[in-house]
Amino acid sequence: IVGRKGSGKSFTLRKYVQASVNTADRFVITHEQDPPHLDSLILFTAPINPCVRTNTWMHIWELAITLSVMSHLLYSEDYMSRFQIENREELKKVTDRNASFFSEVECEFSVFDCVNSLLKFFGNAENLQSYIGGVQYGNLKNLMNRYLKQCPTLCFYLDCLDDELRRAPSI
């Protein structure tokens, strides 16, 4: 949902969360309200050519969402009590092999936390792009697509991005 500050975006998100939480065929991943730190985002993207900056951010968000979903499939007690997923151990092994930065995770992780962790782990966009262009990322995406077919509808509600990002310098 996009709109000016005070237009009711957060209120609408809260209503969606309330409507989705008790739906048997959906799994709601916590309504997140602690966005990535702007200073980290600026430092990470500053050296990136403005022509490819949006593409880089698309990859960061895609990877963060993928990792957050993986963490919930593997570690969320709520998810495990409501939905069955085949070969959970295989999922863990393949994830550890193709996303070494994920191997120490032992609980569910929010998307915002994943963004912060990825920025810290990769340190710069060049390292991230090297991973994104590699075989390990392709393996992770293919594996994730296979497991998502077994999943119910997953709902992410990310809020408060405009509060942090309104301080961002214009490009």
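Predicted model: local features only at pLDDT ≥ 70, side-chain atom pairs only at ≥ 80, totals over all residues.
**Helix α3.** At the start of α3, I found a side-chain oxygen of asparagine 49 within 2.9 Å of the backbone nitrogen of cysteine 51.

**Ground rules.** I noted that residues are numbered from 1 along each chain as its sequence is written. Local features need pLDDT of at least 70, side-chain atom pairs count only at pLDDT 80 or more, totals for chains, interfaces and linings use all residues, and side-chain values use heavy atoms, without hydrogens and water.

**Confidence.** Next I looked up pLDDT, the predictor's confidence in each residue from 0 to 100. The protein's mean is 78, and 88% of its residues reach 70 or more. Confidence is highest in helix α7 (residues 125-132), at a mean of 88, and lowest in helix α9 (residues 161-165), at 55.

**Rings.** I then turned to aromatic pairs (rings of Phe, Tyr and Trp, its six-membered ring, with centres within 6.5 Å; planes under 30 degrees apart are stacked, over 60 edge-to-face, the rest tilted). I count five such pairs. Phenylalanine 121 and phenylalanine 122 have ring centres 5.1 Å apart and planes at 90°, so I logged them as edge-to-face. Ring pairs also link Phe121, Phe122, Tyr131 and Tyr137 into a cluster.

**Buried or exposed?** I checked relative accessible area (buried under 20%, exposed over 50%, partly exposed in between; 1.4 Å probe, protein chains only). Phenylalanine 122 is buried at 6%, while phenylalanine 121 is partly exposed at 46%.

How values were computed:
Polar contact = N/O pair within 3.5 Å; in protein donor to acceptor, adjacent residues only side chain to side chain. Helix = DSSP H or I, 4+ residues; strand = E, 2+ residues; numbered from the N terminus.
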